[in-house]
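Student: Hey, can we go through this one together? I'd like to start with the strands.

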Amino acid sequence: MRTAAALFLIFGLVFGTPGFLAGQSRTSGHNPGSTDTYFTIHNIYPAHEITQGAGTRVGILDRSFGMDAHPELYAGGKDFLVNTPSPAAEPETYHGYWMALTLREIAPKAEIFALGVHTQDETARVDAIVQALDWAVQHKLDVVTYCAGVFSEAAREAIDPAVDKAVEAGVVVVFVDLPHPLNLLPGSLGPTDENRARDPDLNIFSYDCTAFIANQIVALADPDDDGIQKSRPFLGRPSAGPVTAGFVALVRSMDPELPPGEIKRILRTTSRPLSYRGRLAARVPDLFQAVTYTVGADPEAQQGEMKD
């Protein structure tokens, strides 16, 4: 399968469409500037000419998905909390919906599953997350992501074994604030938060945080904010989860048999250091490099051929 994909990819690289070549010119060797988004920082435009995540299944663990209002966005959903409405019946459309929109941008052809787990009661939330992870295994999801807060030590006693089980079954786990060694831990650009238990595996370019207050989207002050791209209705550190999950979907779509550890290795191996407005990041993913590396093509050599 990898051989066939590699032949298709190499053909596309050498005889690429004008759109693909244009994507390359936008991202190759550019200096990060004020108009950058995660598409340019992470070299997603040319990656999309190769794959858009078709055949992959991604679960978002969150709340307020707006499934009833936006059924076209989701392949399915399930609520794991007792005495709460199902994701499809929720009247609110904000946090989970924004997560799904972000994921759809990164992996347009991936199937998205809305998994309702969020409540202020940590015990109930942890139980719901454990059930959602088991559901992801049973339904053969490729990746799951969660971004709604740090877990206590007591919560980790239940969460960690569930993560072990999911990863062993082939599910890539992307939890924004979980230092578990098998979790694909995303972080922002800039130095690691001193309160974090370990360095992130990947540094993700994201936008400012906002909130839904009185039926309007309101920008919130963020200690990590330096005015980057205040044009989105969400995002900030939480956006690192669906962005990274989308990256996983793109890589796995190139080879569905890749285990979680290999996907993490590919994304890290093909990452690069980056300085952006004074922020230094050690491992910024490059998705064109990642998807070509996955099928054994040499992206540097192919870029050279296109320049010739």
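Tutor: Strand 1 pairs with strand 4 (residues 143–146) in the parallel sense, over 4 bridges. Strands pair if DSSP finds at least two bridges between them. Helices (H or I, at least four residues) and strands (E, at least two) are DSSP runs, numbered from the N terminus.

Student: Before we go on, where do these values come from?

Tutor: This is a predicted model, where local features need pLDDT of at least 70, side-chain atom pairs count only at pLDDT 80 or more, and totals for chains, interfaces and linings use all residues. Residues are numbered from 1 along each chain as its sequence is written, and side-chain values use heavy atoms, with hydrogens and water left out.

Student: OK. Which residue is the bridge partner of L61 in strand 4?

Tutor: Y146.

Student: And what else does strand 1 pair with?

Tutor: Strand 3 (residues 111–116), also in the parallel sense, over 6 bridges. There, R57 has E111 as its bridge partner.

Student: Is strand 1 mostly buried or exposed?

Tutor: Buried: that holds for 5 of its 6 residues, 57–62. Buried means under 20% relative accessible area, exposed over 50%, and partly exposed in between (1.4 Å probe, protein chains only).

Student: In what order do the strands sit in the sheet?

Tutor: The order is 2-3-1-4-5. These 5 strands form an open sheet with parallel pairing. Strand 2 (76–79) and strand 5 stand at the edges with a single partner strand each, so one side of each has no neighbour in the sheet. From one strand to the next, the twist averages 15 degrees.

Student: How many bridges join strand 4 to strand 5?

Tutor: 4, and the two strands run parallel. V144 stands opposite V173 in strand 5.

Student: Which helix lies across the strands?

Tutor: Helix 6 (residues 122–138) lies across strands 1, 2, 3, 4 and 5. It runs at about 165 degrees to strand 4. Angles run from 0 to 180 degrees between N-to-C directions, and axes are lines fitted to C-alpha atoms, for helices over the stretch in contact.

Student: New topic. How many aromatic pairs are there?

Tutor: 7, from a search of the whole structure. Rings of Phe, Tyr and Trp (its six-membered ring) pair if their centres lie within 6.5 Å; planes under 30 degrees apart count as stacked, over 60 as edge-to-face and the rest as tilted.

Student: Why is the pair of Y146 and F175 tilted?

Tutor: Their planes stand at 50 degrees, so the pair is tilted, and the ring centres are 5.4 Å apart. The pair links distant parts of the chain: Y146 is in strand 4 and F175 in strand 5 (residues 172–175), 29 residues apart. Y146 is buried at 2% relative accessible area, and F175 is buried at 0%.

Student: What about F65 and Y74, why edge-to-face?

Tutor: Their planes are at 90 degrees, so that pair is edge-to-face, with centres 6.0 Å apart. Both residues are buried.

Student: Which residues form an aromatic cluster?

Tutor: F80, F113 and W135 form one.

Note on methods
Contact = heavy atoms within 4.5 Å.
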